[in-house]
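Let's walk through this model together, one region at a time. Have the viewer open and follow along as we go.

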Amino acid sequence: MAAVIGSVAFFIASILYICLAFGLPYGELAMGGKYRIMPTSMRYMCAFSVLIQWFAILILLQTAGLIPFMFSSGITKGLCFFFAVYLSINSVMNALSKSKKEKYIITPLSVITAICFWVTAFLG
């Protein structure tokens, strides 16, 4: 169940980054809220971030045994722990953001996702 919740939460985050990559005005929800509309160079970073997010979703679902493994179970579990740590740090950074929208909307989403990665990594 944690893997499904985490996957949905991370997929929602990826939709935000797709919107940012296409230049939609949701920049207050990401990267400290510095830009309302991401500059072109940042849009490429947002697009690349989506690929990493989707890869992380695959790892989460594989660690939980919900989809077939691309890698060995040990590597998949290790990657799940890696993303759990990354998302935990990301949650702290979001909570410290100057952007109120990022702080109060994205931080809870990030915390939920991090918890789901931790639970799946330990139990998967």
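C80 is buried, with 0% relative accessibility; buried means under 20% relative accessible area, exposed over 50% and partly exposed in between, using a 1.4 Å probe and protein chains only. Before going further, please keep in mind that this is a predicted model, in which local features need pLDDT of at least 70 and side-chain atom pairs count only at pLDDT 80 or more, while totals for chains, interfaces and linings use all residues. Residues are numbered from 1 along each chain as its sequence is written, and side-chain values use heavy atoms, with hydrogens and water left out.

How many disulfides are there? The count is zero, where a disulfide is a pair of cysteine sulfur atoms within 2.5 Å. C80 takes part in no disulfide, and the nearest cysteine sulfur, which belongs to C116, is 10.0 Å away. As background, a disulfide is a covalent bond between the sulfur atoms of two cysteines.

Now turn to the helices. Helices (H or I, at least four residues) and strands (E, at least two) are DSSP runs, numbered from the N terminus. Helix α3 spans residues 73–95 and helix α4 spans residues 100–123; the two pack at an angle of about 160°, with their axes 8 Å apart. Axes here are lines fitted to C-alpha atoms, for helices over the stretch in contact, and angles run from 0 to 180 degrees between N-to-C directions. The pair α3 and α4 is therefore roughly antiparallel; angles under 35 degrees count as roughly parallel, over 145 as roughly antiparallel, 65 to 115 as roughly perpendicular and the rest as oblique. The residues in the contact of α3 with α4 comprise 14 nonpolar, eight polar and three charged. In this grouping, Ala, Val, Leu, Ile, Met, Phe, Trp, Tyr, Cys and Pro are nonpolar, Asp, Glu, Lys and Arg are charged, and the others, Gly among them, are polar.

Helix α3 also packs with α2, at an angle of about 125° and with the axes 9 Å apart. That angle makes α2 oblique to α3.

The UniProt record, an unreviewed entry, places the feature "transmembrane region" at residues 6–24, 44–63, 69–92 and 104–123; its positions are given in the numbering used here, feature names are shortened, and annotations may be inferred rather than shown by experiment. Over residues 69–92, the model is 83% helix and 0% strand, with the end C-alpha atoms 31 Å apart. Over residues 104–123, the chain is 100% helix and 0% strand, and the end C-alpha atoms lie 29 Å apart.

Within helix α2 (residues 40–63) you will find I52, which is partly exposed at 38% relative accessible area. I52 and S14 are 38 residues apart in sequence, and their C-alpha atoms are 9.2 Å apart. M42 also belongs to α2, but M42 is buried, at 17% relative accessibility. Its C-alpha atom is separated by 9.7 Å from that of G23, 19 residues away along the chain.

Finally, look at two loop residues. M31 sits between α1 (2–21) and α2, and has a positive phi near 50° although M31 is not a glycine. Most residues other than glycine have a negative phi. M70 lies in the loop between α2 and α3 and is partly exposed, at 49%.
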